[in-house]
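Here is a chain to explore, with its sequence and its 3D structure side by side.

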Amino acid sequence: MTFLSGFIAILGPPNVGKSTLLNRIVGAKLSIVSPKPQTTRNRVLGIHHGDGFQMIFMDTPGIHKTRTPLHRSMVDSAYSAFQEVDILVLMIDMKDPEAPEIPSLIGVAKRSEKPALLVINKIDRGNKSEILPVIGKFSDEAFFDAIIPVSALKGDGVPELLEAIRTKLKPGPPFFPPDMRTDQPDTFMMSEIIREKIYLFTRHELPYSSAVTVERVEEAAEKNLLRIFAVVHVETLSQKGILVGRQGTMVKKIGEAARMELERCFNVQVYLNLTVRVSKNWSRDTRALRRLGY
Ligand SMILES: Nc1nc2c(ncn2[C@@H]2O[C@H](COP(=O)(O)OP(=O)(O)OP(=O)(O)O)[C@@H](O)[C@H]2O)c(=O)[nH]1
Ligand SMILES: [Mg+2]
């Protein structure tokens with residue numbers, strides 16, 4: 001039997017559950033998730049190894065109206081995924097089939113002339129009578145190779161989605177060794193886990209004004225301990241004040257939650273040193289963006 005493989009982009013408006021789906025398929029948390037939109041900022045690869053095939057999924061930042069250079073960099077990286085992959089998975093939220101980004105996403109998908117599947121996510125939040133009209137609306141487009149309702153959170157519909165994708169794979173080599181689940185370096189995963197906790201615990205503009213860099217990692221092999229030194233970059237002094245919190249309570253809370261997850265993720269004891277630094281207007285400064293990995 002010939003081996004099948006392919007690159008598959010997961011694309012859609014912000015907050016529809018793209019990262020949740022990637023994690024569900026790969027069976028590991030590779031891409032951070034939050035209830036707030038615009039959580040994912042970089043493309044994240046997740047590799048699904050099957051019997052006789054390999055699917056390389058690419059999670060992308062949600063497509064939205066761009067305002068700052070950071071947003072532009074996020075949306076550009078999502079759009080360029082259209083070119084780089086073999087198969088497109090467009091994801092929408094069952095409750096929001098009229099999201100303003102959807103028509104242009106479909107337009108780009110059509111022009112790419114690549115196989116495209118529509119995933120209607122979050123079906124656990126509604127009932128069949130709500131799903132059918134959404135399926136109907138997009139069937140009328142007569143464009144998608146398949147329309148698949150799923151719950152990325154609970155897993156319903158995901159086997160059906162994988163099977164539909166499998167039928168679109170072409171003969172090709174396994175691009176990654178069987179034990180590899182992502183191509184992200186560990187330091188990227190570390191900074192993302194910290195960023196996720198910022199999304200979880202802070203409000204208003206703070207998540208969007210924060211970036212995390214891991215400056216240094218020290219391994220104490222004999223003690224099975226990782227010392228991680230990371231910096232949270234914010235844009236203004238007042239943001240720094242909020243992020244640090246009264247007597248450091250906020251940064252402590254973020255650090256503690258991140259440390260616990262880092263320990264689970266890397267299966268070692270973690271000492272996490274978090275420093276908050278003002279990098280003035282980094283989200284508007286293209287050079288700063290590059291330095292911070294965007
Ligand atoms: N009820 C329900 N919630 C879901 C489902 N999938 C994702 N969510 C929730 O939706 C929110 C957004 O999920 P993400 O996976 O971060 O969404 P995303 O599309 O990657 O978002 P961006 O990276 O910001 O574009 C989180 O609170 C998830 O827990 C689902 O199938 N059902
Ligand atoms: Mg995401």
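Which residue is the bridge partner of Leu-90 in strand 5? The partner is Leu-118. Keep that pair in view, and remember while you look that this is a predicted model.

## The chain as a whole

Let us begin with the overall picture. The chain holds nine helices and 10 strands. Along the principal axes, its C-alpha atoms fill a box of roughly 55 × 45 × 40 Å. A compact globule of 294 residues would have a radius of gyration near 19 Å, and the chain, with 20 Å, agrees with that.

Of the 294 residues in the chain, 38% are buried. Now consider the contacts with a separation of 6 or more: 68% of them are made by residues 24 or more positions apart.

## Strand 4 and its partners

Strand 4 covers residues 87–93, and six of its seven residues are buried. One of its partners is strand 1 (residues 4–11), which pairs with strand 4 in the parallel sense over four bridges. Here you can find Leu-11 opposite Leu-90.

Strand 4 also pairs with strand 5 (residues 116–121), again in the parallel sense, over six bridges. Leu-90 has Leu-118 as its bridge partner in strand 5, and Ile-92 has Ile-120. To follow the chain from strand 4 to strand 5, look for helix 3 (residues 102–112): these three elements make a right-handed β-α-β unit.

## Strand 5, covered on both faces

In a regular strand, side chains alternate between the two faces of the sheet. Is each face of strand 5 covered or open, then, and by which residues can you tell? Both faces are covered: Ala-116, Leu-118 and Ile-120 are buried on one side, and Leu-117, Val-119 and Asn-121 are buried on the other. Because six of the six residues of strand 5 are buried, the strand is largely enclosed by the rest of the structure.

Strand 5 has a parallel neighbour in strand 6 (residues 146–149), to which four bridges join it. In strand 6, Pro-149 is the bridge partner of Ile-120. Between these strands the chain passes through helix 4 (residues 128–139), and this β-α-β crossover is right-handed.

## Around ligand 1

Now turn to the ligand. There are 23 residues around ligand 1, and those that come nearest are Gly-17, Ser-19, Thr-40, Gly-62 and Leu-153. Helix 1 (residues 18–26) gives the most to the shell, with three residues.

## A closer look at Gly-62

Gly-62 is one of the residues that come nearest to ligand 1. You can find Gly-62 in the loop between strand 3 (53–59) and helix 2 (69–84). Is Gly-62 buried or exposed? Gly-62 counts as buried because it has 23 C-beta neighbours inside 10 Å, and the cut-off for a buried residue is 20 or more.

Leaving out residues up to four places away in sequence, Gly-62 touches Gly-12, Pro-13, Pro-14, Asn-15, Pro-37, Gln-38 and Thr-40. Thr-40 is also among the residues that come nearest to ligand 1. As for Thr-2, it lies 60 residues from Gly-62 in sequence and 35 Å from Gly-62 in space, C-alpha to C-alpha.

Definitions and conventions: Residues are numbered from 1 along each chain as its sequence is written. Chains are lettered from A and ligands numbered from 1 in the order in which they are written. This is a predicted model: local features need pLDDT of at least 70, side-chain atom pairs count only at pLDDT 80 or more; totals for chains, interfaces and linings use all residues. A residue is buried if 20 or more other C-beta atoms lie within 10 Å of its own, exposed if 12 or fewer, and partly exposed in between; C-beta atoms are placed from the backbone. Helices (H or I, at least four residues) and strands (E, at least two) are DSSP runs, numbered from the N terminus. Two strands pair if DSSP finds at least two bridges between them. A crossover is right-handed if, with the strands pointing away from the viewer, the path from the first strand over the helix to the second runs clockwise. The radius of gyration is taken over C-alpha atoms; the globule rule is 2.2 Å times the number of residues to the power 0.38. Two residues are in contact if their C-beta atoms, placed from the backbone, lie within 7 Å. A residue is near a molecule or strand if its C-beta atom, placed from the backbone, lies within 6 Å of it.
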